[in-house]
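Subject: Handing over the model

Hi,

Here is the structure I promised to pass on to you.

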Amino acid sequence: MLYIYNKNTNPYFNLAAEEYILKEFQEECFMLWRNEPSIIIGKNQNTLAEINLDYVRQHKIPVVRRLSGGGAVFHDLGNLNFTFIVNEDVSSFSDFKRFTQPIIDVLRKLSINAEFSGRNDITIDGKKISGNAQYYYKNRILHHGTLLFSSSITDLSAALKVRPVKFEDKGVKSVSKRVTNISEHLKEPITIEQFIDLIMNHIREQTGGSEMYEFTQEDIKKIEKLVREKYSTWEWNFGTSPDYKFKNEKKFAGGTVEVNLNVEKGIIKNVKICGDFFGKYDVSEVENLLKGVKHSEEEIKKVLSNIDINDYLANITVDNLIEVMF
């Protein structure tokens, strides 16, 4: 087994690194890693329906889709992630308890009464400190989980606090649960670096391994290629969302604007703009312009910059219209 303490904190790189090890290596692997503030979306989720877009924009938080299913999670440097990659057939898939038990054992050594709970969580006194997910590829299972050590719970809540429901879709919805930090339950304080050492040493003792692995320059080059071609792209992080219907309404100086969208693979297929606004020309011309455009602020702004929006929605700006579309 390879043992990796990946000190890179770029979320695009770290999600790409997991896929690279899974698909390009033959060895089994255990890896510990952390991300700078970011939102990690489950494979089957509608990205826009899971995030507080205003908060994400304001704080410039990266949003990255992972390979595995499950719900959206907020990462920061107070959250530790662990990854097991093992060579086994699909019959072992969904055995979450097996991979979380070593983590529970470490916590119990620290006199913390942690338990496996529900389908895929670790809890302390009924509060969640870890969510876990899995992905299967060619007789290899990737299991990864979060460990809230000293994470900002306020930021976590704000980043994932979605406004009133605007989406009608079949995406997997995240389930809100009470959470806590491991650091709050320690009898004696330790740093997250000391916690990392405890987990890594425990896993190595259990599996009889000693050799740590560091990514080579060739590894890094290939991982960064995967970042450029997949993990940092709109197509992966937003465009692969399940098809959805979106509805929103806002009042501006020029009147009330309601937008209804049908979005498939991230592309606007149908749009209806209505409200009590005035306009010199028929708003259907704006609707036609938006068909076939990515449901992305940047792309919509680019298309609308070619017209004078006031001709269609008097006293309403492009930014106003975009605000209603997200």
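What follows is a short tour of the aromatic rings, a hairpin and a pair of helices.

First, the ground rules. This is a predicted model, in which local features need pLDDT of at least 70 and side-chain atom pairs count only at pLDDT 80 or more, while totals for chains, interfaces and linings use all residues. Residues are numbered from 1 along each chain as its sequence is written, and side-chain values use heavy atoms, with hydrogens and water left out.

Let me start with the rings. Rings of Phe, Tyr and Trp (for Trp, the six-membered ring) are taken as a pair if their centres lie within 6.5 Å; planes under 30 degrees apart are stacked, those over 60 edge-to-face, and the rest tilted. That rule gives 10 aromatic pairs. One of them joins F82 to F84, edge-to-face, with 6.2 Å from centre to centre and 80° between the planes. F82 is buried, at 0% relative accessibility, and F84 is buried too, at 6%. Here buried stands for under 20% relative accessible area, exposed for over 50%, and partly exposed for anything in between (1.4 Å probe, protein chains only).

Y231 and W236 also form an edge-to-face pair, at 5.7 Å centre to centre and 70° between the planes. Y231 has a relative accessible area of 0% and is buried; W236 is buried as well, with 14%. K230 lies over the face of W236, 4.3 Å from the ring centre, and K23 does likewise over Y137, at 4.9 Å. For such a contact, NZ of Lys or CZ of Arg must be within 6 Å of the ring centre and within 35 degrees of the ring normal. Ring pairs also link F13, Y20, F25, Y213 and F215 into a cluster.

Now the hairpin. Strands (E, at least two residues) and helices (H or I, at least four) are DSSP runs, numbered from the N terminus, and two strands pair if DSSP finds at least two bridges between them. Strand 13 (residues 255-264) and strand 14 (residues 267-275) run antiparallel and are joined by eight bridges. N260 faces K272 in strand 14. Two residues separate the strands of this hairpin, and K265 in the turn has a positive phi of about 50°.

Last, the helices. The axes of helix 4 (residues 96-109) and helix 6 (residues 192-207) come within 10 Å and cross at roughly 125°. Axes are lines fitted to C-alpha atoms, for helices over the stretch in contact, with angles from 0 to 180 degrees between N-to-C directions.

Best wishes
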